[in-house]
Amino acid sequence: MQSRSLLLRVALIMAGGFVLTGCISRGPASIAQQRGPYSEVLALTDKEELLTNIVRLAYLDAPVFLQVASVTASPSIEYGTESELRLGDGSSPNPLALGKPKVIIKDSPTIVYRPLLGKEFSSELLMPFDIRAVFLMIDNGFDFSVLAQLLFKQFNHLSNARSATTAERAEFRRVTDAIARLLQSGALRLGTGTEGLRSADGKVVAELKDEAVDTPDGRLLISALGLDPGLRTYELKTGLQGSNASIALSTRSLQALLSYMSNYVQPPPEHAALVWPTDARSEPDPLMRILSSRTRPDNADPAVFYKGYWFYVRADDLRSRNTLFLIRLLFNLQAQASSGDNTVQLTLPVK
């Protein structure tokens with residue numbers, strides 16, 4: 001009889017456990033509460049990884065990219081009470097003692113990382129940008145002068161290479177600034193034939209309006225690039241050798257772009273002998289300023305710790321932050337190009 005009573009009590013305790021303890025998914029509420037934080041962290045760490053690799057290249061260290069391939073979140077809530085079962089001779093009037101209620105919120109995400117290696121590394125980082133994709137960005141309103149500084153290492157004979165002198169880079173920017181003004185005013189248009197760029201013969205051309213030829217910017221464009229002033233349409237092509245009827249553009253790879261931007265890392269004085277020597281750090285208005293500090297800066301977006309120092313972009317330096325944003329877009333654009341996905345079409349008829 002006593003054993004039957006004990007079994008009954010155990011059965012009641014187990015039943016009570018099923019009632020008082022459980023696990024429920026938070027469903028739609030979890031999306032509202034967690035999607036934002038996950039997105040924010042992914043965006044921040046993308047910027048930090050990009051900045052870290054620019055700093056690495058300033059120190060002549062190899063870049064490392066560890067991409068987040070997937071995030072699977074499993075939020076849940078466990079609730080119930082603590083309970084205690086006293087097994088003895090059955091003389092205790094209360095064999096089941098209930099404790100305080102408990103609520104446990106769990107989030108067990110599964111994050112898959114994918115390092116950029118092998119063929120993907122070569123295709124995404126080492127292949128030069130396609131000029132047709134570059135002009136897709138221009139058609140979407142991005143500033144030509146900024147994109148030219150980032151992506152072109154040569155414009156006919158004008159050099160914007162990492163090793164270019166201050167005077168050479170200044171002349172390159174003088175011409176690309178003039179082109180940007182002509183584009184903004186509509187005096188110069190970039191586009192393709194009506195077949196677009198899906199065909200093998202798809203070309204990007206520049207058309208200069210008659211009234212622009214005798215403007216200061218038009219004369220500078222024609223004379224600096226050695227173009228025929230009697231023509232109005234010039235082909236833009238990849239290469240080093242242009243002609244009086246074409247403009248040769250030598251584009252950077254993403255690796256070369258990051259190396260170029262590493263010119264603007266301001267290292268601490270004691271690291272002067274450890275970084276790539278360049279006079280670009282003294283430019284009055286660079287595309288990006290990457291500062292360094294022994295202590296973590298308060299006004300930074302983003303900041304990364306490397307070789308004992310914090311390297312950062314000031315949160316109020318909109319020009320530098322915009323440049324970092326553009327590099328991230330270019331990274332995504334190059335990733336799509338290297339994947340073999342040719343679904344992006346650019347058709348900008350000039351006539």
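Q: In this predicted model, where contact means heavy atoms within 4.5 Å, which residues is aspartate 217 in contact with, leaving aside its neighbours within four places in sequence?
A: Aspartate 217 belongs to helix α7, which covers residues 216-225. Once neighbours within four places in sequence are left aside, the residues in contact with aspartate 217 are Ala178, Arg181 and Leu182.

Q: What is the length of the polar contact between the side chains of aspartate 217 and arginine 181?
A: Arginine 181 is among the residues in contact with aspartate 217. Their side chains are also joined by a polar contact, and its length is 2.9 Å.

Q: Is aspartate 217 buried or exposed?
A: A residue is buried when its relative accessible area is under 20%. The relative accessible area of aspartate 217 is 17%, so this residue is buried.

Q: Which strands stand at the edges of the open sheet?
A: The sheet is open, has mixed pairing and is made of 6 strands in the order β7-β6-β11-β10-β9-β8. Two of these strands have a single partner strand each, so one side of each is left without a neighbour in the sheet: β7 (158-159) and β8 (188-191).

Q: At about what angle does α7 run to β9?
A: Helix α7 lies across β6, β7, β8, β9, β10 and β11. Its angle to β9 is about 130°.

Q: How many bridges join β9 to β10?
A: Strand β9 (residues 204-208) runs antiparallel to β8, and 4 bridges join the two. Across that pairing, arginine 189 stands opposite glutamate 207, and leucine 188 stands opposite leucine 208. Towards β10, alanine 206 has tyrosine 234 as its bridge partner. β9 and β10 also run antiparallel, and the number of bridges joining them is 4.

Q: Why is the pair of phenylalanine 144 and phenylalanine 152 tilted?
A: By the ring rule, the count of aromatic pairs comes to 9. In the pair of phenylalanine 144 and phenylalanine 152, the ring centres are 6.4 Å apart. Planes under 30 degrees apart count as stacked and those over 60 as edge-to-face, with the rest tilted. The pair is tilted because the angle between its planes is 50°.

Q: How many residues apart are phenylalanine 144 and phenylalanine 155?
A: These two rings form an edge-to-face pair, with 6.4 Å centre to centre and 65° between the planes. Phenylalanine 144 is in helix α5 (residues 144-151) and phenylalanine 155 is in strand β6, so the pair links distant parts of the chain; the separation is 11 residues.

Q: What is the relative accessibility of phenylalanine 155?
A: Phenylalanine 155 is in a cluster linked by ring pairs, together with Phe144, Phe152 and Phe172. Phenylalanine 144 is buried, with a relative accessible area of 5%. Phenylalanine 155 also counts as buried, and its relative accessibility is 4%.

Q: Which residue in β14 does valine 304 stand opposite?
A: Strand β13 (residues 300-306) has 5 of its 7 residues buried, so the rest of the structure largely encloses this strand. β13 pairs with β14 (residues 309-314) in the antiparallel sense over 5 bridges. The two form a hairpin with 2 residues between them. Opposite valine 304 stands phenylalanine 311.

How values were computed:
Residues numbered from 1 in each chain as written. Predicted model: local features only at pLDDT ≥ 70, side-chain atom pairs only at ≥ 80, totals over all residues. Heavy atoms only, no water. Buried < 20%, exposed > 50% of the residue type's maximum accessible area, 1.4 Å probe, protein only. Pairing = 2+ DSSP bridges. Polar contact = N/O pair within 3.5 Å; in protein donor to acceptor, adjacent residues only side chain to side chain. Contact = heavy atoms within 4.5 Å. Axes fitted to C-alpha atoms, helices over the stretch in contact; angles between N-to-C directions. Phe/Tyr/Trp six-rings, centres within 6.5 Å; stacked < 30°, edge-to-face > 60°.
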